[in-house]
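Subject: Structure handover

Hello,

Here is the structure we talked about.

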Amino acid sequence: MGRKEMIAMLLAGGEGKRLGVLTKDLAKPAVYFGGKYRIIDFTLSNCAHSGIDTVGVLTQYQPLELNRYLGIGSPWGLDRRDGGMTILPPYMKQKGGVWYKGTANAIYQNMSFIEPYNPEYVLIISGDHIYKMDYELMLDHHKRSGADVTIAGIEVDWKEASRFGVMHIDDEDRITAFEEKPKNPTSNIASMGVYIFTWSELQKYLIYDEASRTSNHDFGKDIIPAMMRDGKRLHSYPFKGYWKDVGTIESLWEANMDLIAEEPPLELADSDWRIYSVSPNQPAQHIGATAEVSASLITEGCKIEGIVDRSVLFYGVKVEKNSLISESVIMPNVRIGEGARIYRAIIGEGAVIEAGVTIGSPDDSAITVIAVDQFVTNDHLLQEVEHS
Amino acid sequence: MKHKVMGVINLIHENDELERLTAGRCLATVPFGARYRLIDFVLSSMVNSGISKVAVFAHTKYRSLMDHLGSGKHWDLQHRQSGLFVLPPATDDIQEISRGDLYHFYQQRDYFNRSPLEYVVITRSHMVCNVDFEKVIQFHLDREADITVVCKQQQDLLSGKARKVKLTEDGRVTAIQDHYGHMSSDISSMEMYVMRKDLLMELVETSLAQGQDHLVRHAILSRLDKLKVYGYMYEGYLGVVNTLTSYYRNNMNLLDSDVWSELFYQPGPIFTKVKDEPPARYLVGSKVTNSLIANGCRIEGTVINSILFRGVHVQKGAIVSNSIVMQNGVIGENSFLQHSILDKDVRVEADRDIRGAASAPFLAGKRKII
């Protein structure tokens with residue numbers, strides 16, 4: 001097998017507990033986002049645009065739909081002769097097998113996947129974030145600084161800093177302190193969970209970490225602090241651009257709403273950085289004679305007869321007459337009945353909202369979530385939609 | 001498919017009156033219906049009917065065809081053993097290139113002979129339809145026909161041109177027009193023929209031996225009394241797209257939501273090349289009524305009764321009415337566009353007023369700046 005300068009390991013096993021019903025049967029990276037994408041499309045497209053042709057995707061929680069979606073990686077140009085995409089679930093070894101105990105352990109368990117490529121660098125990313133980033137520029141930065149690990153960092157709001165791993169850096173971007181989810185953060189430079197390791201260093205630390213009984217086997221909690229303690233060179237790569245962790249209902253909704261701003265902070269219509277995804281293969285959207293659409297994203301296969309305002313509609317959504325959709329995210333193949341009103345909601349794939357039903361209220365800022373395939377009638381009786 | 005059938009999409013001498021729309025491309029790749037090319041309809045029909053080996057007999061101006069079809073994977077035709085074969089003329093003699101389709105079939109006879117498949121479905125590319133060929137083959141077998149022609153009963157072809165066909169009560173074809181004339185019949189040929197492969201090869205060789213080289217005009221028309229030729233009546237939506245007016249009217253027909261629901265979904269989905277465009281973006285102040293909009297569009301102005309292909313930008317104050325705007329078209333601020341067809345990459349500057357007529361739409365060629 002030919003040597004690769006850098007390969008990527010994409011952590012896609014997260015459960016996404018805080019997304020509630022949206023991740024009941026679905027891994028978080030496979031959650032729909034932005035009218036036609038799934039969250040993982042953004043990192044995979046980043047890989048494609050950064051010239052990375054070998055990606056190991058680590059799966060664990062509810063992987064079936066994600067596996068089916070990824071296939072052999074063709075939409076992201078990852079169906080390659082040497083390398084390409086490989087899906088890496090936990091597996092049995094001679095001495096038994098265990099689930100991935102943490103992010104670092106997941107990589108540890110797949111060291112024998114990495115070794116044949118004999119890479120100089122390994123990029124660790126996760127399938128939970130929405131951003132456009134050229135990892136090649138980050139690799140240049142890593143090589144120039146001679147670091148053992150480079151961590152992409154972004155300035156976040158001080159109130160949010162405690163949700164992340166935060167870094168103190170010096171004038172040369174060298175990390176002088178790293179705290180994982182501190183109660184009282186003293187820096188607002190957050191780790192984006194994007195790491196480039198020099199492979200020989202990472203290898204050592206993975207083995208060392210695995211032997212520790214007290215470790216959580218996590219990059220942010222264990223590997224990075226251990227390297228700090230040992231005086232290794234840790235650098236930060238300052239990322240300027242849009243980056244959003246969509247791990248909660250609110251942030252998922254907000255990130256969708258970001259896309260429909262007059263000047264969206266993340267531009268999807270960027271011909272130099274297309275976000276690749278599996279095409280749903282649907283005809284062009286039909287905007288009917290009674291439809292009114294404003295400040296929205298609408299995808300192929302939709303059929304609109306009602307009013308759509310400040311919303312994101314995935315493919316195959318049917319919106320009947322006299323209905324209103326406002327500030328909502330409507331996932332694929334949802335049917336919205338005549339006269340229905342939907343305010344600030346996320347409607348799961350395949351749900352049916354019967355005629356006349358009202359979801360949410362124009363005066364309420366809470367976000368209502370309707371689960372996949374739910375059937376919502378006027379009495380709000382919920383039952384599974386029968387599939388023929 | 002239960003029966004062993006290969007598909008042939010025959011682009012040889014496929015005539016059209018689409019003016020500048022076919023100046024740089026063949027009829028098969030004329031953009032249609034906001035995100036498709038004409039060939040997608042018959043190609044998807046074949047694939048949905050279980051045909052997994054399809055040859056496209058390219059003839060002229062086929063760069064866009066090769067680009068569109070690629071490896072065939074968007075139609076699920078990238079297979080280990082069968083799949084898609086694009087066969088351009090196998091000759092370097094200019095006079096031979098202009099010979100009829102039977103000559104070109106003969107040149108590619110190895111392609112037919114090597115395959116164990118027993119039947120062929122030969123079609124053109126300009127019939128906008130969604131056909132279940134499995135039903136056609138079953139009809140062919142039930143009638144013990146030598147040749148089955150797919151036909152459509154339709155009074156108004158929306159200015160499209162098709163050969164008229166006459167059938168007996170039980171469906172036997174008694175006459176097919178050589179040219180598009182005035183035969184009194186409301187049944188049109190969809191230029192789709194099913195026959196055994198060995199019959200096709202026999203027709204190819206005997207016709208060529210007699211100095212004849214056109215499949216329909218020579219091989220089939222002259223044998224209507226000797227061969228059992230039956231007409232299969234297709235019930236679905238048909239658009240015959242080979243004149244500029246029929247192109248315009250058939251596109252506009254897609255705005256009827258019943259046509260949209262039928263043509264693109266029944267009996268199977270229509271596939272096309274994937275472009276990875278983002279969802280269409282409607283800005284504050286946009287107004288869209290009764291229109292088909294593809295992904296990648298950005299709409300700030302008004303769109304009425306129109307068809308916008310991928311990546312079209314309608315700027316503030318612009319009004320697009322009863323028009324077709326192809327890929328990456330830009331309609332500048334406060335411009336007015338009515339009854340027009342804009343080919344790919346046309347740019348209408350600000351404050352222009354462009355009006356065609358419903359019966360004679362204004363047509364702007366590729367990359368034109370107005």
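The lining of the largest pocket has 12 nonpolar, 15 polar and 12 charged residues. The classes are simple: Ala, Val, Leu, Ile, Met, Phe, Trp, Tyr, Cys and Pro are nonpolar, Asp, Glu, Lys and Arg are charged, and the others, Gly among them, are polar. This pocket holds about 1200 Å³ of space. It has 39 lining residues, and closest to its centre are Lys28(A), Thr103(A), Asp128(A), Lys181(A) and Asp218(A). S11(A) (189–198) gives the most to this lining, with four residues. Among the other elements that supply at least two residues each are helix H3 (103–108) and helix H7 (219–229) of chain A.

This is a predicted model: local features need pLDDT of at least 70, side-chain atom pairs need 80 or more, and totals for chains, interfaces and linings use all residues. Residues are numbered from 1 along each chain as its sequence is written, chains are lettered from A and ligands numbered from 1 in the order written, and side-chain values use heavy atoms, without hydrogens and water.

Cut-offs for the spaces: on a 1 Å grid over the protein atoms alone, a cavity is a set of points where a 1.4 Å probe fits but cannot get out, while a pocket is an open set with protein on both sides within 12 Å along at least five of seven lines. Lining residues have an atom within 4 Å of a point. Points join across faces, edges and corners, and a volume is the space filled by probe spheres set on them.

The second largest pocket holds about 710 Å³. Its lining has 26 residues; Ser74(A), Pro75(A), Lys73(B), His74(B) and Val274(B) lie nearest the centre. Helix H2 (64–70) of chain A gives the largest share, three residues.

There is one cavity of 30 Å³ or more. The largest cavity has about 60 Å³ of space. Residues of both chains line it, including Lys36(A), Glu300(A), Arg35(B) and Arg310(B). Seven of its lining residues are charged, two polar and two nonpolar.

Now the sheet. It is open, with 10 strands and mixed pairing, in the order S28(A)-S25(A)-S22(A)-S19(A)-S16(A)-S14(B)-S17(B)-S20(B)-S23(B)-S26(B). S28 (368–370) of chain A and S26 (347–348) of chain B stand at the edges with a single partner strand each, so one side of each has no neighbour in the sheet. Pairing takes at least two DSSP bridges; helices (H or I, at least four residues) and strands (E, at least two) are DSSP runs numbered from the N terminus.

Best regards
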